[in-house]
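Subject: Structure handover and findings

Hello,

Here is the structure you will be working with. Please open it first, then read my notes beside it.

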Amino acid sequence: MTTVVETQVQYNTTYMMSTTEDYMIQEEDWDRDLLLDPAWEKQQRKTFTAWCNSHLRKAGTQIENIEEDFRNGLKLMLLLEVISGERLPKPDKGKMRFHKIANVNKALDFISSKGVKLVSIGAEEIVDGNVKMTLGMIWTIILRFAIQDISVEETSAKEGLLLWCQRKTAPYRNVNVQNFHISWKDGLALCALIHRHRPDLIDYSKLRKDDPIGNLNTAFEVAEKYLDIPKMLDAEDIVNTPKPDEKAIMTYVSCFYHAFAGAEQAETAANRICKVLAVNQENERLMEEYEKLASELLEWIRRTIPWLENRAAEQTMRAMQQKLEDFRDYRRIHKPPRVQEKCQLEINFNTLQTKLRLSNRPAFMPSEGKMVSDIANAWKGLEQVEKGYEEWLLTEIRRLERLDHLAEKFKQKCGLHESWTT
């Protein structure tokens with residue numbers, strides 16, 4: 001007599017509720033086909049066992065026979081704890097049948113608490129080693145904890161995983177992922193998934209569509225050696241089966257999603273950290289540049305003011321004209337670059353404060369005496385001294401011009417008197 005395993009996963013999202021009935025009808029029909037096909041049962045047994053062991057090894061244990069090793073409920077509870085990260089009720093340690101049933105019920109209750117409705121799967125069947133019920137229960141666990149949370153472009157679970165595979169393998173020749181059975185028979189889709197994320201592991205250009213067993217074994221070996229994804233399928237079983245088991249393929253492919261999605265998330269996080277570090281480095285650079293420009297500008301002002309405050313008059317018009325020429329050179333050549341530095345300093349300061357504010361960082365406080373207001377005051381003092389120096393120069397030059405004019409008039413009168421005396 002054939003027992004039909006019916007599993008139904010309840011999703012909380014509106015999207016999944018809208019397609020639940022059609023989807024579950026297909027799943028139930030698929031299960032009935034599955035239970036009549038020993039090849040699918042063999043594939044599921046191998047795949048589900050490897051999937052369970054990939055998690056159980058984190059707790060230092062594993063299973064050999066999927067329907068026997070879960071009968072007492074202890075490793076089943078441990079598996080749920082590992083994949084969920086939560087603690088289950090303390091298991092019964094006894095070896096009596098009712099102890100085993102109690103432990104399996106604790107595991108089933110935990111699965112139900114995650115929004116999964118178990119139909120026709122009872123603790124007694126698991127304790128009795130019913131392989132079909134056990135496989136149905138493990139598939140329910142895989143569906144809930146490895147596939148349901150997959151989300152790609154507003155599609156989730158099986159559809160999300162399929163869309164992810166299609167997006168990743170789209171650029172590859174001879175790959176057309178439309179389902180989780182026939183589309184994977186030649187092994188190229190698995191190799192494309194690996195090459196898309198780790199092109200250093202597989203030379204896709206050397207793969208041939210007429211070598212499905214070679215392609216599949218290449219994918220299995222590379223995934224196990226470099227991606228820490230255990231071998232869950234046999235190449236010969238997939239190739240020699242008209243329609244490979246969908247659940248076995250989905251389980252194996254979901255491991256690639258979690259391996260690569262985790263790497264992508266880690267890369268995204270790393271990029272985010274690098275971006276933050278780059279912003280911080282840019283902020284540090286602006287701070288250092290501000291301090292340097294402020295120091296150089298204040299030092300130039302400090303050196304220039306004494307020169308402008310020097311009011312020692314020269315005795316000749318030529319010497320005073322040279323002073324005026326030096327002052328004009330100062331205004332035309334030496335001062336303009338400092339004006340640009342002062343503007344750049346203010347721009348850097350405002351830019352830096354904006355960046356810090358957007359990054360929720362404290363405002364920048366320059367060293368003592370190097371605030372924008374300090375530089376503005378020093379610059380104002382420079383321009384005042386500069387104005388006074390220019391006025392003094394012009395006054396002195398006019399004074400010397402009058403003296404030269406008077407001296408010339410005196411010289412002319414002296415010449416007239418000398419002529420008259422002679």
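Predicted model: local features only at pLDDT ≥ 70, side-chain atom pairs only at ≥ 80, totals over all residues.

Residues are numbered from 1 along each chain as its sequence is written, and side-chain values use heavy atoms, with hydrogens and water left out.

**The whole protein**

Two terms come first. Buried means under 20% relative accessible area, exposed means over 50%, and partly exposed lies in between (1.4 Å probe, protein chains only). Contact means heavy atoms within 4.5 Å.

The protein has 422 residues, and 43% of them are buried.

**Helix 6 and its partner**

Start with helix 6, residues 131-147. It is mostly covered, with 16 of its 17 residues buried.

Look at the start of helix 6. There, a side-chain oxygen of asparagine 130 comes to within 3.1 Å of the backbone nitrogen of lysine 132. 

Helix 4 (residues 97-113) packs against helix 6: the axes come within 11 Å and cross at roughly 35°. Axes are lines fitted to C-alpha atoms, for helices over the stretch in contact, and angles run from 0 to 180 degrees between N-to-C directions. The crossing is left-handed. That word applies if the near helix is turned anticlockwise from the far one by less than a right angle; clockwise is right-handed.

Which residues meet? Leu108, Phe110 and Ile111 come from helix 4, and Met137, Thr140, Ile141 and Phe145 come from helix 6. By class, this contact has 6 nonpolar, 1 polar and no charged residues. Ala, Val, Leu, Ile, Met, Phe, Trp, Tyr, Cys and Pro count as nonpolar; Asp, Glu, Lys and Arg count as charged; the others, Gly among them, count as polar.

Helix 13 runs over residues 372-421. Its 50 residues should span 74 Å, and its end C-alpha atoms are 73 Å apart, which agrees. Its buried residues include Trp379, Leu382 and Glu386.

Lysine 335 lies in helix 12, residues 317-358. It counts as buried because its relative accessibility is 9%. Leaving aside neighbours within four places in sequence, lysine 335 contacts Trp300, Tyr330, Trp379, Glu383 and Glu386.

Threonine 304 is in helix 11. Threonine 304 is buried too, at 8% relative accessible area. It touches Tyr330 and Leu382, not counting residues up to four places away in sequence.

Glutamate 284 is also in helix 11, residues 246-309. At 42%, glutamate 284 is partly exposed. Its C-alpha atom is 9.1 Å from that of leucine 352, 68 residues away along the chain.

**Loops to check**

Aspartate 245 lies in the loop between helix 10 and helix 11. Is it buried or exposed? It is buried, at 0% relative accessibility. Aspartate 245 and glutamate 41 are 204 residues apart in sequence, yet 8.3 Å apart in space, C-alpha to C-alpha.

Most residues other than glycine have a negative phi. Two loop residues have a positive one:

- Asparagine 174 has phi near 65°. It sits between helix 7 and helix 8, and is partly exposed at 40%.
- Aspartate 228 has phi near 60°. It sits between helix 9 and helix 10, and is exposed at 53%.

Please find both in the viewer.

Best wishes

Terms used: Helix = DSSP H or I, 4+ residues; strand = E, 2+ residues; numbered from the N terminus. Expected span 1.5 Å × (residues − 1). Polar contact = N/O pair within 3.5 Å; in protein donor to acceptor, adjacent residues only side chain to side chain.
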